[in-house]
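Please open the model in a viewer and keep the selection panel at hand. The stops below proceed from one selection to the next.

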Amino acid sequence: MPETPTPSESASEPTLEEQIAAYQREFRDLDPQVEQVVSALQRLNRRMNVAYGRQTTTLGISNAEWEVLKALVLSGAPYRLGPGELAKRLGLTPAAMTHRIDRMAAEGLVTRERDENNRVRVIVELTDEGREQWLAAMRLATVFEEDLLQDLSTTERHLLGELLTRLLRRVEEAQPDAGGRLTDLD
């Protein structure tokens with residue numbers, strides 16, 4: 001009788017330990033502690049993005065639309081930004097931003113109007129429906145995030161937050177232009 005494959009044998013992705021061992025085999029100068037941290041962060045980020053995508057899909061919006069809603073909310077009341085500023089904040093080309101705004105305006109999540117003070121300038125504003133969708137997504141995300149961190153004490157959560165913030169600052173200082181994307185996602 002053939003043996004049942006272990007989860008790592010049947011999975012499409014090697015375990016973190018298998019990945020590090022393969023890297024060490026091929027690149028002897030690798031620091032396994034550094035690789036464990038970096039690879040775990042990459043995998044966690046990818047899996048969290050999938051989870052958030054599933055949540056926003058249940059609300060009838062995409063992750064791309066969620067990003068626009070979030071940027072508008074972060075701008076503060078009255079939740080208005082120009083398309084160029086939105087594109088810059090999200091690391092998108094103006095064309096990709098226009099496409100995204102077109103979809104969201106058709107769905108009633110944002111409005112797009114000419115600036116009364118400068119008729120050349122367009123203003124994108126969050127609608128009540130857009131704000132409700134943002135709040136609904138935040139409610140779902142909060143449940144997911146609390147579940148994700150449930151095994152960590154308050155002290156561990158604080159320490160993890162501090163450590164990750166230090167890493168983020170290091171990357172932001174070394175790569176100040178890396179806030180956007182290399183390519184558009186939609």
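Begin by selecting helix H4, where Ala 64, Glu 65, Trp 66, Glu 67, Val 68, Leu 69, Ala 71, Leu 72 and Val 73 are buried (buried means under 20% relative accessible area, exposed over 50%, and partly exposed in between, with a 1.4 Å probe and protein chains only). Nine of the 12 residues of H4 are buried, so the helix is largely enclosed by the rest of the structure. H4 covers residues 63-74 and reaches 16 Å from its first C-alpha to its last, close to the 16 Å expected at 1.5 Å a residue (the expected span is 1.5 Å times one less than the number of residues). Helices (H or I, at least four residues) and strands (E, at least two) are DSSP runs numbered from the N terminus. Just after H4, select Gly 76, which takes a positive phi of about 85°.

Before continuing, note that this is a predicted model, in which local features need pLDDT of at least 70 and side-chain atom pairs count only at pLDDT 80 or more, while totals for chains, interfaces and linings use all residues. Residues are numbered from 1 along each chain as its sequence is written, and side-chain values use heavy atoms, with hydrogens and water left out.

Colour the chain by pLDDT, the predictor's confidence in each residue, from 0 to 100. The chain averages 89, and 89% of the residues score at least 70. Where pLDDT is low, the predicted coordinates should not be read in detail.

Next, display the aromatic rings; the structure holds two aromatic pairs. Rings of Phe, Tyr and Trp (its six-membered ring) pair if their centres lie within 6.5 Å; planes under 30 degrees apart count as stacked, over 60 as edge-to-face and the rest as tilted. Select Tyr 52 and Phe 144: the ring centres are 5.4 Å apart and the planes at 75°, so this pair is edge-to-face. The pair links helix H3 to helix H7 across 92 residues. Then select Trp 66 and Trp 134, a stacked pair with 6.5 Å centre to centre and 10° between the planes. Trp 66 lies in H4 and Trp 134 in H7, 68 residues apart. Trp 66 is buried at 16% relative accessibility, and Trp 134 is buried at 14%.

Arg 103 belongs to helix H6 (residues 94-106). Glu 65 is buried, with a relative accessible area of 3%, whereas Arg 103 is partly exposed at 25%.

The structure holds 10 salt bridges. Another joins Glu 13 and Arg 46, with the closest N and O atoms 2.5 Å apart. Strands are linked as well: Glu 125 and Arg 80 form a salt bridge at 3.1 Å, with Glu 125 in strand E3 (residues 122-126) and Arg 80 in strand E1 (residues 80-81). Salt bridges that share partners join Glu 13, Arg 43, Arg 46 and Arg 47 into one network.

Definitions and conventions: Salt bridge = Lys/Arg side-chain N within 4 Å of Asp/Glu carboxyl O.
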